[in-house]
Structure formats: C-alpha cells, structure tokens
Amino acid sequence: MTTSTEHPENKALHKAEWQVRTELAAAYRLVALFGWDDLVFTHLSARVPGPEHHFLINPYGLLFHEITASSLVKVDQDGQVVAAGGLGRVNPAGFTIHSAVHMGRDDAGAVMHLHAADGVAVSAHRDGLLPLSQTAMLCLDHLSYHDYEGVALNLDERERLISDLGNKSMMLLRNHGVLTAGQTVPETFTYLYFLMKACEIQVKAQSCGPTWMPSEQAVQTTAEQSQNLGAAAKLTWPALLRLLDSKNPGYAV
C-alpha cells in the first residue's frame, strides 16, 4: 500500500483552492444563466488561499457557460500565468481591473465585473443608481463610482480605481458596467445579484414615465438595514447551486 508524502498543510491548501475554483466556476455559469455574460468578455476572479497572492480568472476565449473549476487560470499580481488551466491566456483588461482590487483590498477574496446591459445603462445615467426600489436602497450604502478612462489596459488606472472603490462592496464603472467585491465568491455574487436587479428595475421603471421617490427617512432606514447584506449568501448560495445543478451541471470538474 502506498501513502501520500504530501505535507498536510499543502493538502489543506489544495483542498481550499479547489473549493474556491468550484465556487468561481459556478459563479461564471450563474452569470450565463441569468443572461449577464458578454461573449468571452468581462471577468470574475477569486483569491487563491495561501501566501502567494495568486488569483483565479477565466481563460480568455471560453464562454461563461463553458467554464469549469479546472479550466480557470491562476495568475500572480504581475499578470504572469502560474497555472494555465484551460486556454492559458487571460484578458489584459481583466487583469488590470481585478489585480487593482486584489492588491488594494486584503478583504477582497473575490471580484466580479460585468458589461450587462442594464448595469451599463445605469452606469451611464447622469444620476447613477436611484432609490427607486427596495433593492436599490439596499445597495446604495455599499456603492461607489469610477469614471471611464478607456478600455482598462493602463495599469496606472489601478490606483484610481481602488481609491474610488474605497471600502465599498459595489461599484458602477461609468459608461462601462458594474463591479462587486466581497470576502468570498458566494458573498460577492450576492452583491452582484442585488446590484444587477436594482439596475434592471431602474431601467424598467424609468421607461414607464415619471417615477415615485421614497422619503429620505425610508432611504436611510433601508441603508441601516442593509449592513449585513452579504450574509444573505448563506441562504442564497446553496439554492443557487441547486438551480445550477439542474440547469447546467458539470462546473466542478
């Protein structure tokens, strides 16, 4: 009988990385399921457990519904591929945006960025996200903005992006899209869902004509009630995985 000589600490790190890989692959599939993907563009990333400051991101060229845990690419903070996964290449703009947040926020275990139409529409609206729905009011206290500077290929933009994000969990990238950051993949996807739903509601509400605004007191009360918004992931994530397993299984390979 043979026994493994791998150090128990390394085994634990490998197990923890596979867990993150599986969650991130699921998040990619869920984005596709909700219709928020943009061909092979936009990106979701997650920090790899361990001291190396590596993170996982999609291989540039796969559609989101094709992503699997093993196809994700591991890169370092300089954008160098550490483990190729599937195609072994990453979107340079994805590296700029995600490395900014992972480098600037120690608490950012995951980062998600989309070009979904309603998110882009609200990012381009002069007033940004408005308190037109309970969902929007739950987001407002977590939200920041970053002005558009062109396709995110300039590494100098990272400092400005992280400065604009501050300690927030959600961001509207003006004329560009949405971004969320959280401690875990499930938490970050939960923020993403709330932000996208708020944007979708706003686009529909404004298409109907004049809108009704809640009182300032209602907005403030809802902001106070939103402080543990990320904790909703404990309920939503297992349910989302059940949905995904019924609609598009196979991500955990």
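**View 1. The cavity in the predicted model.** The structure holds one cavity of 30 Å³ or more, a cavity being a set of points, on a 1 Å grid over the protein atoms alone, where a 1.4 Å probe fits but cannot get out. By class, five nonpolar, three polar and four charged residues make up the lining of the largest cavity; here Ala, Val, Leu, Ile, Met, Phe, Trp, Tyr, Cys and Pro count as nonpolar, Asp, Glu, Lys and Arg as charged, and the others, Gly among them, as polar. This is a predicted model, in which local features need pLDDT of at least 70 and side-chain atom pairs count only at pLDDT 80 or more, whereas totals for chains, interfaces and linings use all residues. Residues are numbered from 1 along each chain as its sequence is written, and side-chain values use heavy atoms, with hydrogens and water left out.

View 2. Eight strands form an open sheet with mixed pairing, in the order S4-S3-S2-S1-S5-S8-S7-S6, where strands are DSSP runs (E, at least two residues) and helices are runs of H or I of at least four residues, numbered from the N terminus. Strand S4 (81-83) and strand S6 (143-146) stand at the edges, each with a single partner strand, so one side of each is left without a neighbour in the sheet. From one strand to the next, the twist averages 25 degrees. Strands pair if DSSP finds at least two bridges between them; S2 and strand S3 (residues 73-75) do so in the antiparallel sense over three bridges, and Phe55 has Val75 in S3 as its bridge partner.

**View 3. A helix packed on the sheet.** Helix H2 (residues 92-104) touches S1, S2, strand S5 (110-114) and strand S8 (177-182), contact meaning heavy atoms within 4.5 Å. The direction of H2 makes about 40 degrees with that of S1, angles running from 0 to 180 degrees between N-to-C directions of axes fitted to C-alpha atoms, for helices over the stretch in contact.

**View 4. A loop residue with positive phi.** Leu39, in the loop between helix H1 (8-33) and strand S1 (43-47), has a positive phi of about 50 degrees although it is not a glycine. At 58% relative accessibility, Leu39 counts as exposed (over 50%, with buried under 20% and partly exposed in between, for a 1.4 Å probe and protein chains only).

Methods. 1 Å grid on protein atoms, 1.4 Å probe; cavity = no way out; pocket = protein on both sides within 12 Å on 5 of 7 lines; lining within 4 Å. Points joined across faces, edges and corners; volume = space filled by probe spheres on them.
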